[in-house]
Amino acid sequence: MLSQNLIYQIALTLIKGIGDITAKQIIEKFDNVEQLFKEKARILERIPGITTRVIEEIRKPEVLRLAEKEVEFIEKNGIKPLFITDHDYPQRFKECVDSPVMLYFKGNVDFNGPKVVSVVGTRHATGYGREISDKLIHDLAEKFPDILIISGLAYGIDIIAHKAALREKLGTVAVLAHGLDRIYPFPHRSTAIEMLEKGGLLTDFISGTNPDRQNFVKRNRIVAGISDCTIVVESAQKGGALITANIADSYNKDVFAVPGKVTDSFSQGCNHLIKNKKAVLIENAEDLLAEMCWKTEKEKKSQPPVQRTLFVELNPEAQLIVDLLSQTESMHLNLLGIETNMPISKLSVLLFELEMDGVVRAMPGGMYKLN
(Lines give C-alpha, C1' and ligand atoms only; values in the text may rest on other atoms or scores of the structure.)
Protein backbone atom coordinates (compact mmCIF):
# COMPACT_ATOMS: atom_id res chain seq x y z
CA MET A 1 0.00 0.00 0.00
CA LEU A 2 1.52 3.27 -1.11
CA SER A 3 1.90 5.94 1.55
CA GLN A 4 -0.73 8.53 0.69
CA ASN A 5 0.94 11.19 2.80
CA LEU A 6 4.29 10.65 1.05
CA ILE A 7 2.62 10.83 -2.36
CA TYR A 8 1.23 14.29 -1.56
CA GLN A 9 4.55 15.44 -0.07
CA ILE A 10 6.43 14.49 -3.23
CA ALA A 11 3.68 15.91 -5.43
CA LEU A 12 4.12 19.27 -3.70
CA THR A 13 7.69 19.43 -5.05
CA LEU A 14 6.57 18.61 -8.60
CA ILE A 15 4.09 21.46 -9.08
CA LYS A 16 5.27 24.04 -11.60
CA GLY A 17 5.34 27.49 -10.06
CA ILE A 18 5.89 26.29 -6.49
CA GLY A 19 9.45 26.61 -5.25
CA ASP A 20 10.92 25.72 -1.88
CA ILE A 21 9.98 29.01 -0.21
CA THR A 22 6.33 28.82 -1.29
CA ALA A 23 6.23 25.13 -0.40
CA LYS A 24 7.25 25.98 3.17
CA GLN A 25 4.48 28.55 3.40
CA ILE A 26 2.02 25.86 2.29
CA ILE A 27 3.33 23.45 4.93
CA GLU A 28 2.85 26.14 7.61
CA LYS A 29 -0.66 26.86 6.36
CA PHE A 30 -2.03 23.30 6.32
CA ASP A 31 -1.89 20.50 8.87
CA ASN A 32 -1.43 18.04 6.01
CA VAL A 33 -0.06 18.60 2.49
CA GLU A 34 -3.00 16.62 1.12
CA GLN A 35 -5.20 19.64 1.85
CA LEU A 36 -3.39 21.60 -0.87
CA PHE A 37 -4.79 19.25 -3.50
CA LYS A 38 -8.34 19.23 -2.12
CA GLU A 39 -8.83 22.76 -0.82
CA LYS A 40 -11.06 25.26 -2.59
CA ALA A 41 -9.37 27.70 -4.96
CA ARG A 42 -10.46 30.77 -2.98
CA ILE A 43 -8.61 29.42 0.08
CA LEU A 44 -5.48 28.59 -1.91
CA GLU A 45 -5.35 32.07 -3.43
CA ARG A 46 -4.79 33.53 0.04
CA ILE A 47 -1.37 31.88 0.19
CA PRO A 48 1.43 34.15 -1.13
CA GLY A 49 2.72 32.85 -4.45
CA ILE A 50 -0.37 30.79 -5.28
CA THR A 51 -1.92 32.25 -8.42
CA THR A 52 -4.74 31.01 -10.61
CA ARG A 53 -2.17 29.49 -12.95
CA VAL A 54 -0.45 27.64 -10.09
CA ILE A 55 -3.82 26.29 -8.94
CA GLU A 56 -4.33 24.90 -12.44
CA GLU A 57 -0.97 23.11 -12.10
CA ILE A 58 -2.01 21.71 -8.71
CA ARG A 59 -5.16 20.25 -10.24
CA LYS A 60 -3.33 18.40 -13.03
CA PRO A 61 -3.68 14.62 -12.43
CA GLU A 62 -0.20 13.85 -13.80
CA VAL A 63 1.37 15.52 -10.74
CA LEU A 64 -0.02 12.84 -8.41
CA ARG A 65 0.64 10.09 -10.94
CA LEU A 66 4.33 11.05 -11.13
CA ALA A 67 4.48 11.20 -7.33
CA GLU A 68 2.97 7.70 -7.07
CA LYS A 69 5.58 6.42 -9.51
CA GLU A 70 8.33 7.96 -7.39
CA VAL A 71 6.99 6.33 -4.22
CA GLU A 72 7.09 2.98 -6.00
CA PHE A 73 10.73 3.64 -6.97
CA ILE A 74 11.56 4.64 -3.38
CA GLU A 75 10.02 1.53 -1.86
CA LYS A 76 11.57 -0.81 -4.43
CA ASN A 77 15.11 0.57 -3.97
CA GLY A 78 15.24 1.12 -0.21
CA ILE A 79 15.44 4.91 -0.44
CA LYS A 80 14.60 7.04 2.57
CA PRO A 81 12.56 10.18 1.85
CA LEU A 82 13.31 13.07 4.21
CA PHE A 83 10.49 15.61 4.38
CA ILE A 84 11.34 18.92 6.04
CA THR A 85 9.08 18.20 9.03
CA ASP A 86 10.68 14.77 9.63
CA HIS A 87 12.94 14.30 12.66
CA ASP A 88 15.70 12.79 10.48
CA TYR A 89 15.77 15.73 8.04
CA PRO A 90 19.17 17.53 8.29
CA GLN A 91 18.39 20.11 10.97
CA ARG A 92 21.43 22.24 10.05
CA PHE A 93 19.79 22.80 6.66
CA LYS A 94 16.23 23.30 7.84
CA GLU A 95 16.60 26.99 8.65
CA CYS A 96 18.26 27.93 5.33
CA VAL A 97 15.80 29.97 3.29
CA ASP A 98 16.01 27.84 0.13
CA SER A 99 16.39 24.40 1.68
CA PRO A 100 14.32 21.83 -0.25
CA VAL A 101 11.26 20.45 1.49
CA MET A 102 12.07 16.91 0.29
CA LEU A 103 15.36 15.03 0.14
CA TYR A 104 16.02 11.46 -0.97
CA PHE A 105 18.68 9.39 0.78
CA LYS A 106 20.13 5.93 0.29
CA GLY A 107 22.57 4.76 2.91
CA ASN A 108 23.09 4.67 6.63
CA VAL A 109 24.04 7.83 8.53
CA ASP A 110 22.77 10.39 11.02
CA PHE A 111 22.73 13.83 9.41
CA ASN A 112 22.16 15.37 12.84
CA GLY A 113 25.31 14.02 14.44
CA PRO A 114 27.61 16.31 16.45
CA LYS A 115 30.03 17.31 13.66
CA VAL A 116 29.52 17.57 9.89
CA VAL A 117 32.16 18.97 7.53
CA SER A 118 32.02 19.57 3.77
CA VAL A 119 35.25 19.24 1.77
CA VAL A 120 35.19 20.62 -1.78
CA GLY A 121 37.59 21.74 -4.45
CA THR A 122 38.69 21.59 -8.06
CA ARG A 123 38.06 18.67 -10.38
CA HIS A 124 41.73 18.94 -11.43
CA ALA A 125 43.36 18.23 -8.07
CA THR A 126 47.13 18.42 -7.84
CA GLY A 127 49.40 16.26 -5.70
CA TYR A 128 49.39 19.09 -3.17
CA GLY A 129 45.59 19.06 -3.00
CA ARG A 130 45.48 15.29 -2.57
CA GLU A 131 48.12 15.37 0.18
CA ILE A 132 46.34 18.15 2.08
CA SER A 133 42.93 16.46 1.80
CA ASP A 134 44.22 13.06 2.94
CA LYS A 135 46.13 14.51 5.90
CA LEU A 136 43.27 16.79 6.94
CA ILE A 137 40.71 13.97 7.00
CA HIS A 138 43.15 11.56 8.66
CA ASP A 139 43.79 14.04 11.49
CA LEU A 140 40.10 14.85 11.90
CA ALA A 141 39.32 11.13 12.15
CA GLU A 142 41.91 10.68 14.89
CA LYS A 143 40.29 13.40 16.98
CA PHE A 144 36.63 12.74 16.14
CA PRO A 145 35.87 9.26 14.73
CA ASP A 146 32.17 10.17 14.50
CA ILE A 147 32.69 13.19 12.21
CA LEU A 148 30.71 13.11 8.93
CA ILE A 149 32.40 14.16 5.66
CA ILE A 150 30.25 15.65 2.88
CA SER A 151 31.20 16.21 -0.76
CA GLY A 152 29.81 15.89 -4.27
CA LEU A 153 31.31 12.67 -5.78
CA ALA A 154 32.91 14.71 -8.58
CA TYR A 155 36.38 14.19 -9.99
CA GLY A 156 39.26 15.76 -8.07
CA ILE A 157 38.98 16.89 -4.46
CA ASP A 158 35.44 15.51 -4.02
CA ILE A 159 36.28 11.87 -4.70
CA ILE A 160 39.61 12.24 -2.88
CA ALA A 161 37.72 13.37 0.23
CA HIS A 162 35.21 10.49 0.00
CA LYS A 163 37.96 7.88 -0.41
CA ALA A 164 39.99 9.35 2.44
CA ALA A 165 36.93 9.23 4.70
CA LEU A 166 36.32 5.58 3.78
CA ARG A 167 39.96 4.69 4.56
CA GLU A 168 39.57 6.33 7.96
CA LYS A 169 36.28 4.50 8.65
CA LEU A 170 34.36 7.79 8.72
CA GLY A 171 30.83 8.32 7.52
CA THR A 172 30.78 10.13 4.18
CA VAL A 173 27.84 11.34 2.07
CA ALA A 174 27.85 12.33 -1.60
CA VAL A 175 25.31 14.94 -2.64
CA LEU A 176 24.18 14.26 -6.21
CA ALA A 177 22.93 16.53 -9.00
CA HIS A 178 20.54 13.88 -10.35
CA GLY A 179 18.13 11.16 -9.27
CA LEU A 180 19.12 8.02 -7.36
CA ASP A 181 18.50 5.78 -10.36
CA ARG A 182 22.05 6.43 -11.61
CA ILE A 183 25.58 7.37 -10.55
CA TYR A 184 27.49 10.24 -12.14
CA PRO A 185 30.31 10.18 -12.93
CA PHE A 186 30.10 6.45 -13.65
CA PRO A 187 33.78 5.67 -12.78
CA HIS A 188 32.95 6.57 -9.16
CA ARG A 189 30.20 3.96 -8.92
CA SER A 190 32.24 1.48 -6.87
CA THR A 191 33.12 4.19 -4.34
CA ALA A 192 29.47 5.26 -4.16
CA ILE A 193 28.40 1.68 -3.44
CA GLU A 194 31.05 1.37 -0.71
CA MET A 195 29.74 4.57 0.86
CA LEU A 196 26.29 3.04 1.38
CA GLU A 197 27.55 1.00 4.34
CA LYS A 198 28.63 4.04 6.36
CA GLY A 199 27.36 7.19 4.71
CA GLY A 200 25.42 7.25 1.50
CA LEU A 201 23.96 9.24 -1.37
CA LEU A 202 21.71 12.28 -1.02
CA THR A 203 19.74 14.33 -3.55
CA ASP A 204 16.64 16.48 -3.89
CA PHE A 205 15.98 15.25 -7.44
CA ILE A 206 13.50 12.50 -8.29
CA SER A 207 14.48 9.45 -10.32
CA GLY A 208 14.91 10.04 -14.03
CA THR A 209 16.58 13.44 -13.49
CA ASN A 210 19.74 13.85 -15.56
CA PRO A 211 22.94 15.49 -14.21
CA ASP A 212 22.28 18.67 -16.18
CA ARG A 213 24.51 21.70 -15.71
CA GLN A 214 21.98 23.79 -13.76
CA ASN A 215 21.44 20.97 -11.26
CA PHE A 216 24.97 21.26 -9.88
CA VAL A 217 24.36 24.68 -8.34
CA LYS A 218 21.28 23.25 -6.57
CA ARG A 219 23.46 20.34 -5.45
CA ASN A 220 26.07 22.77 -4.07
CA ARG A 221 23.56 24.47 -1.78
CA ILE A 222 22.88 21.13 -0.09
CA VAL A 223 26.61 20.47 0.36
CA ALA A 224 26.90 23.86 2.06
CA GLY A 225 23.66 23.72 4.04
CA ILE A 226 23.84 20.33 5.76
CA SER A 227 27.31 21.00 7.22
CA ASP A 228 28.74 22.95 10.14
CA CYS A 229 31.46 24.31 7.86
CA THR A 230 32.86 24.08 4.34
CA ILE A 231 36.55 23.58 3.52
CA VAL A 232 37.88 24.52 0.08
CA VAL A 233 41.16 22.71 -0.59
CA GLU A 234 41.94 23.78 -4.17
CA SER A 235 40.00 25.92 -6.62
CA ALA A 236 40.61 27.99 -9.72
CA GLN A 237 39.24 31.54 -9.95
CA LYS A 238 35.88 30.12 -11.06
CA GLY A 239 34.24 26.82 -10.28
CA GLY A 240 31.72 24.88 -8.28
CA ALA A 241 33.82 24.93 -5.10
CA LEU A 242 33.71 28.73 -4.99
CA ILE A 243 29.95 28.65 -5.57
CA THR A 244 29.60 26.25 -2.63
CA ALA A 245 31.79 28.49 -0.46
CA ASN A 246 29.74 31.58 -1.32
CA ILE A 247 26.48 29.76 -0.60
CA ALA A 248 27.86 28.58 2.76
CA ASP A 249 28.86 32.18 3.54
CA SER A 250 25.34 33.37 2.66
CA TYR A 251 23.97 30.79 5.12
CA ASN A 252 26.28 32.25 7.82
CA LYS A 253 28.20 28.99 7.88
CA ASP A 254 31.94 28.91 8.58
CA VAL A 255 34.10 28.71 5.46
CA PHE A 256 37.77 27.69 5.44
CA ALA A 257 40.32 27.64 2.63
CA VAL A 258 43.75 26.08 2.24
CA PRO A 259 46.21 28.63 0.79
CA GLY A 260 48.59 27.95 -2.08
CA LYS A 261 51.21 29.65 -4.20
CA VAL A 262 50.00 32.82 -5.88
CA THR A 263 51.32 31.44 -9.16
CA ASP A 264 49.32 28.19 -8.96
CA SER A 265 46.12 28.37 -10.97
CA PHE A 266 44.29 25.93 -8.70
CA SER A 267 45.11 27.95 -5.59
CA GLN A 268 43.81 31.24 -6.94
CA GLY A 269 40.25 30.56 -5.80
CA CYS A 270 41.30 29.70 -2.24
CA ASN A 271 43.63 32.68 -2.03
CA HIS A 272 40.84 34.92 -3.33
CA LEU A 273 38.41 33.69 -0.64
CA ILE A 274 41.00 34.36 2.07
CA LYS A 275 41.99 37.74 0.67
CA ASN A 276 38.37 38.90 0.53
CA LYS A 277 37.60 37.57 4.01
CA LYS A 278 35.10 35.05 2.68
CA ALA A 279 37.12 32.21 4.24
CA VAL A 280 39.48 31.68 7.16
CA LEU A 281 42.96 30.41 6.27
CA ILE A 282 43.74 26.93 7.60
CA GLU A 283 46.81 24.79 7.06
CA ASN A 284 45.77 21.67 8.97
CA ALA A 285 43.10 20.02 11.08
CA GLU A 286 44.36 21.74 14.24
CA ASP A 287 43.58 25.14 12.69
CA LEU A 288 40.05 24.00 11.86
CA LEU A 289 39.39 22.58 15.32
CA ALA A 290 40.67 25.76 16.97
CA GLU A 291 38.44 27.98 14.82
CA MET A 292 35.40 25.77 15.44
CA CYS A 293 36.22 25.44 19.17
CA TRP A 294 35.93 21.65 18.87
CA LYS A 295 37.56 19.74 21.71
CA THR A 296 37.73 16.02 22.43
CA GLU A 297 36.26 14.64 25.66
CA LYS A 298 39.81 14.15 26.95
CA GLU A 299 40.65 17.79 26.30
CA LYS A 300 37.46 18.93 28.02
CA LYS A 301 38.16 16.81 31.10
CA SER A 302 41.69 18.16 31.37
CA GLN A 303 40.37 21.66 31.97
CA PRO A 304 39.61 22.67 35.58
CA PRO A 305 35.91 22.93 36.44
CA VAL A 306 34.44 26.41 36.56
CA GLN A 307 32.06 27.35 39.37
CA ARG A 308 29.17 29.28 37.86
CA THR A 309 26.59 31.28 39.76
CA LEU A 310 23.75 32.82 37.80
CA PHE A 311 21.68 35.67 39.20
CA VAL A 312 19.45 36.16 36.19
CA GLU A 313 15.90 34.83 36.25
CA LEU A 314 15.39 32.72 33.12
CA ASN A 315 12.29 31.63 31.28
CA PRO A 316 11.97 27.87 30.59
CA GLU A 317 13.42 28.07 27.07
CA ALA A 318 16.44 30.10 28.17
CA GLN A 319 16.92 27.76 31.13
CA LEU A 320 16.97 24.79 28.72
CA ILE A 321 19.81 26.43 26.78
CA VAL A 322 21.75 27.12 29.98
CA ASP A 323 21.22 23.54 31.20
CA LEU A 324 22.62 22.17 27.93
CA LEU A 325 25.63 24.50 27.96
CA SER A 326 26.35 23.60 31.59
CA GLN A 327 26.94 19.99 30.51
CA THR A 328 29.76 20.85 28.14
CA GLU A 329 32.46 23.45 27.67
CA SER A 330 30.87 24.82 24.50
CA MET A 331 28.27 23.88 21.90
CA HIS A 332 27.67 24.86 18.28
CA LEU A 333 24.55 26.83 17.35
CA ASN A 334 23.33 24.04 15.04
CA LEU A 335 23.69 21.38 17.72
CA LEU A 336 21.89 23.60 20.23
CA GLY A 337 19.05 23.88 17.72
CA ILE A 338 18.86 20.10 17.43
CA GLU A 339 19.00 19.50 21.19
CA THR A 340 16.43 22.18 22.06
CA ASN A 341 14.23 21.52 19.02
CA MET A 342 14.03 25.28 18.42
CA PRO A 343 14.22 27.13 15.08
CA ILE A 344 17.62 28.76 14.64
CA SER A 345 15.95 32.17 14.29
CA LYS A 346 14.31 31.86 17.72
CA LEU A 347 17.39 30.28 19.30
CA SER A 348 19.60 33.13 18.06
CA VAL A 349 17.35 35.70 19.74
CA LEU A 350 17.45 33.80 23.05
CA LEU A 351 21.24 33.42 22.86
CA PHE A 352 21.62 37.13 22.14
CA GLU A 353 19.50 38.00 25.18
CA LEU A 354 21.54 35.60 27.35
CA GLU A 355 24.73 37.15 25.99
CA MET A 356 23.49 40.66 26.86
CA ASP A 357 22.68 39.42 30.38
CA GLY A 358 26.21 38.09 30.70
CA VAL A 359 25.06 34.47 30.98
CA VAL A 360 26.60 33.10 27.78
CA ARG A 361 29.48 34.06 25.56
CA ALA A 362 29.57 33.80 21.74
CA MET A 363 32.75 32.12 20.50
CA PRO A 364 34.32 31.86 17.02
CA GLY A 365 32.88 29.26 14.69
CA GLY A 366 29.27 29.61 15.84
CA MET A 367 30.06 28.18 19.30
CA TYR A 368 28.50 29.27 22.59
CA LYS A 369 29.58 28.70 26.19
CA LEU A 370 28.48 29.78 29.65
CA ASN A 371 30.30 32.72 31.20
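1. Two strands count as paired if DSSP finds at least two bridges between them. Helices (H or I, at least four residues) and strands (E, at least two) are DSSP runs, numbered from the N terminus. This note concerns a predicted model, in which local features need pLDDT of at least 70 and side-chain atom pairs count only at pLDDT 80 or more, while totals for chains, interfaces and linings use all residues. Residues are numbered from 1 along each chain as its sequence is written, and side-chain values use heavy atoms, with hydrogens and water left out.

2. The nine-stranded sheet. Nine strands form an open sheet with mixed pairing, in the order β1-β2-β6-β5-β4-β3-β7-β8-β9. The edges are held by β1 (80-83) and β9 (280-281); each has a single partner strand, so one side of each is left without a neighbour in the sheet.

3. Strands β7 and β8. Within this sheet, β7 (residues 229-232) and β8 (residues 254-257) run parallel and are joined by four bridges. Cysteine 229 has aspartate 254 of β8 opposite. Across β3 (116-120), β7 and β8 lies helix α12 (residues 240-250), which runs at about 150° to β7. Such angles run from 0 to 180 degrees between N-to-C directions, and the axes are lines fitted to C-alpha atoms, for helices over the stretch in contact.

4. The three-stranded sheet. A second open sheet has the order β10-β12-β11, with antiparallel pairing. Here β10 and β11 (360-363) are at the edges with a single partner strand each, so one side of each is left without a neighbour in the sheet. Two bridges pair β10 with β12 in the antiparallel sense. Histidine 332 stands opposite methionine 367, a residue of β12.

5. The chain as a whole. Its secondary structure comes to 18 helices and 12 strands. The radius of gyration is 22 Å, close to the 21 Å that the globule rule gives for 371 residues, so the chain is as compact as a globular protein of that length. That radius is taken over C-alpha atoms, and the globule rule is 2.2 Å times the number of residues to the power 0.38. Along the principal axes, the C-alpha atoms fill a box of roughly 60 × 55 × 40 Å.

6. Of the 371 residues, 51% count as buried (under 20% relative accessible area, with exposed over 50% and partly exposed in between; 1.4 Å probe, protein chains only). Among contacts (heavy atoms within 4.5 Å) with a separation of 6 or more, 71% are between residues 24 or more positions apart.

7. Helix α17. What is α17 (residues 333-340), mostly covered or mostly open? It is mostly covered, with six of its eight residues buried. The buried residues of α17 are Leu333, Asn334, Leu335, Leu336, Gly337 and Thr340. Their cover includes α7 (91-94), α16 (316-325), β10 (331-332), α18 (344-356) and β12 (367-370). Just after α17, asparagine 341 has a positive phi of about 60°.

8. Glutamine 91. This residue is found in helix α7. Glutamine 91 is buried, at a relative accessible area of 19%. Apart from neighbours within four places in sequence, glutamine 91 is in contact with Asp86, Asn112 and Ile338.

9. Salt bridges. The whole structure has 12 of them, each a side-chain nitrogen of Lys or Arg within 4 Å of a carboxyl oxygen of Asp or Glu. One joins the side chains of lysine 60 and glutamate 57 at 3.2 Å, N to O. Lysine 60 is partly exposed, with a relative accessible area of 33%, whereas glutamate 57 counts as buried at 15% relative accessibility.

10. Lysine 135 and aspartate 139 form a salt bridge between their side chains at 2.6 Å, N to O. Both lie in helix α8 (residues 127-143), four residues apart, which is about one turn of the helix. Aspartate 139 is buried, with a relative accessible area of 9%.

11. A pair across the chain. In the salt bridge of lysine 218 with aspartate 204, the closest N and O atoms are 3.9 Å apart. This pair links distant parts of the chain, 14 residues apart: lysine 218 is in helix α11 (residues 213-225), and aspartate 204 is in the loop between β6 (199-203) and α11. Lysine 218 is partly exposed, with a relative accessible area of 34%, and aspartate 204 is buried, with 12%. A network of salt bridges links Asp20, Asp204, Lys218 and Arg221.
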